[in-house]
Amino acid sequence: MQDMLEKLVGKSGALERVMAGESLTMQDGMELMKYDSLYTIGAVADALRQKFVGDKVTFTSSSYLNYTNVCAASCQICAFYRKENDKDAYTLTPEQIETRVSAAKSMGATEMHIVGGFHPKLSLDYYESMMKIIKK
C-alpha cells in the first residue's frame, strides 16, 4: 500500500512534503484545494495518522451557544445579525445560557462554541458571567 501511495503522491509536491514530514505553505494548501483525488489526500492523512497515533481516533461533541444576534457591525454578508429594536433580536439571560449549556451537556457535548454578534451594550460582566456558567 505504501509503495502505491508514494506513486500517487508523486503527482503533488504538497503531498510529497506531507509524506516527508515537512510543514506546508499557503501555496501547498492552494495546491491541495485544486488536487483532483480526494481519495489520495485521505489516504495520505490516514497514513500520517497511523504513523503518529496508530489506530487511535478521537472525536469531540460540540454545541454552539449563540448568546445574541444583536450586532453593531452590520456586515453585508451576514444574515444572522439584528439591530436592538428588531422584533427577532435576542440576548440570552444567564438563566437561558445555563439551560442551553446543561441541555448540551446532557446530550454529550464536551465543548461549547460561543458565537454571537458585537452587541453594543453588553458589559464585561455579562461575558464573565457567561464563562463562569459554562465552566460550572
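A residue is called buried when its relative accessible area is under 20%, exposed when it is over 50%, and partly exposed in between (1.4 Å probe, protein chains only). By this criterion Y126 is buried, at 13% relative accessibility. The model is predicted, so that local features need pLDDT of at least 70 and side-chain atom pairs count only at pLDDT 80 or more, while totals for chains, interfaces and linings use all residues. Residues are numbered from 1 along each chain as its sequence is written, and side-chain values use heavy atoms, with hydrogens and water left out.

Y126 belongs to the largest nonpolar core, a set of 9 residues that also includes L65, Y67, L92, I97, V101, L122, M130 and I133. A nonpolar core is here a set of buried Ala, Val, Leu, Ile, Met, Phe, Trp, Tyr and Cys residues joined through side-chain atoms within 4.5 Å. Two or more residues of this core come from each of β1 (62-68), α5 (94-106) and α6 (124-135), where helices (H or I, at least four residues) and strands (E, at least two) are DSSP runs numbered from the N terminus. The greatest contribution is that of α6, with 3 residues. In soluble globular proteins, nonpolar side chains tend to be buried together. With neighbours within four places in sequence set aside, I133 is in contact (heavy atoms within 4.5 Å) with P94, I97 and E98. Another core, of 7 residues, lies apart from this one and has L15, Y35, V44 and L48 among its members.

Helix α5 has 13 residues, which at 1.5 Å a residue should span 18 Å, and its end C-alpha atoms are 18 Å apart, in agreement; the expected span is 1.5 Å times one less than the number of residues. The buried residues of α5 are I97, V101 and A104. Viewed down the helix axis, the buried residues of α5 fall within an arc of 60° and therefore line one face of the helix, the arc being that of the directions from the helix axis to the C-beta atoms. The face turned away from the buried side of α5 carries the exposed residues E95, T99 and S106. Among the elements that cover the buried residues of α5 are β1, β2 (111-116) and α6. Just after α5, G108 takes a positive phi of about 100°.

The structure holds 3 aromatic pairs, defined for rings of Phe, Tyr and Trp (its six-membered ring) whose centres lie within 6.5 Å, with planes under 30 degrees apart counted as stacked, over 60 as edge-to-face and the rest as tilted. Y67, Y126 and Y127 form one aromatic cluster.

Helix α4 (residues 38-53) contains 16 residues and reaches 22 Å from its first C-alpha to its last, close to the 22 Å expected. Its buried residues are T40, A43, V44 and L48. Seen down the axis of α4, the buried residues fall within an arc of 135°, so they line one face of the helix. On the other side of α4, L38 and Y39 are exposed. G54 follows α4 and has a positive phi, near 70°.

In the loop between β2 and α6 lies H119, a residue buried at 12% relative accessibility. The side chains of H119 and T91 are joined by a polar contact of 3.4 Å; such a contact is a pair of N or O atoms within 3.5 Å, of which, within protein, one must be able to donate a hydrogen and the other to accept it, and residues adjacent in sequence count only if both atoms are side-chain atoms. The side chain of H119 also reaches the backbone nitrogen of K121 at 3.0 Å. Beyond its neighbours within four places in sequence, H119 is in contact with T68, V70, C71, E84 and T91.
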